[in-house]
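Below is a short briefing on one protein model. Please look over the sequence and the fold before reading the points.

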Amino acid sequence: MPKIVHYRNKCIGCNSCVEHSPNNWKISSNDGKSDLIGSVKKKDTFVKKIREDEIVENELAARDCPVKIIHIFK
Ligand code: SF4
């Protein structure tokens with residue numbers, strides 16, 4: 001199953017991932033960084049399994065993330 005890995009600590013809260021995939025990303029009202037909705041924390045990352053049909057929009061999120069902290073594994 002494909003998954004997203006998010007290195008959240010380095011997020012600058014630009015909102016680009018939210019625009020690409022609003023079902024998977026939202027900006028936290030606590031610290032202004034993006035949350036990967038429904039993810040599980042693993043060491044310094046957050047990980048979430050996604051459906052095949054969610055890959056493309058999240059690949060765009062990964063491509064456009066200015067600090068390159070979104071990684072998609074297929
Ligand atoms: S695109 Fe990258 S820097 Fe911008 S909010 Fe999403 S994870 Fe954070």
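This is a predicted model: local features need pLDDT of at least 70, side-chain atom pairs count only at pLDDT 80 or more; totals for chains, interfaces and linings use all residues.

Residues are numbered from 1 along each chain as its sequence is written. The protein has two helices and six strands, with helices (H or I, at least four residues) and strands (E, at least two) taken as DSSP runs numbered from the N terminus.

**Overall fold**
- Along the sequence the order of elements is β-α-β-β-β-β-α-β.
- The protein is as compact as a globular protein of its length, because its radius of gyration is 11 Å, close to the 11 Å that the globule rule gives for 74 residues. The radius is taken over C-alpha atoms, and the rule is 2.2 Å times the number of residues to the power 0.38.
- The C-alpha trace spans about 30 × 25 × 20 Å along its principal axes.
- Of the contacts between residues at least 6 apart in sequence, 59% join residues at least 24 apart; a contact requires C-beta atoms, placed from the backbone, within 7 Å.

**Strand pairing**
- Strands count as paired if DSSP finds at least two bridges between them.
- Strand β1 (residues 3-6) runs antiparallel to β5 (residues 45-49), joined by four bridges, and His6 has Phe46 as its bridge partner in β5.
- β1 also pairs with β6 (residues 70-73), again antiparallel and over four bridges; here Lys3 is partnered by Phe73.
- On β1, Ile4 and His6 form the covered face, while Lys3 and Val5 form the uncovered one.
- Three bridges link β4 (residues 40-42) to β5 in the antiparallel sense, with Val40 opposite Val47.
- β4 and β5 make a hairpin with two residues between them.

**Core and burial**
- Buried residues account for 23% of the 74 residues. A residue is buried if 20 or more other C-beta atoms lie within 10 Å of its own, exposed if 12 or fewer, and partly exposed in between, with C-beta atoms placed from the backbone.
- The largest nonpolar core has nine residues, namely Ile4, Cys17, Trp25, Leu36, Phe46, Ile50, Ala61, Cys65 and Ile70. Such a core is a set of buried Ala, Val, Leu, Ile, Met, Phe, Trp, Tyr and Cys residues joined through C-beta atoms within 7 Å.
- Ile70, one of these core residues, is in contact with Ile4, His6, Cys17, Ala61, Ala62 and Cys65, leaving aside neighbours within four places in sequence.

**Ligand shell**
- There are 13 residues around the ligand, and Cys11, Cys14, Cys17, Ser34 and Cys65 come nearest.
- The shell consists of nine nonpolar residues, four polar and no charged. Ala, Val, Leu, Ile, Met, Phe, Trp, Tyr, Cys and Pro count as nonpolar, Asp, Glu, Lys and Arg as charged, and the others, Gly among them, as polar.

**Positive phi in loops**
- Most residues other than glycine have a negative phi.
- Lys43 is not a glycine, yet has a positive phi of about 55°. Lys43 sits in the loop between β4 and β5 and is exposed, with 6 other C-beta atoms within 10 Å.
- Lys68, also not a glycine, has a positive phi of about 55°. Lys68 lies in the loop between α2 (55-64) and β6, and its 11 C-beta neighbours inside 10 Å class it as exposed.

Terms used:
Two residues are in contact if their C-beta atoms, placed from the backbone, lie within 7 Å. A residue is near a molecule or strand if its C-beta atom, placed from the backbone, lies within 6 Å of it.
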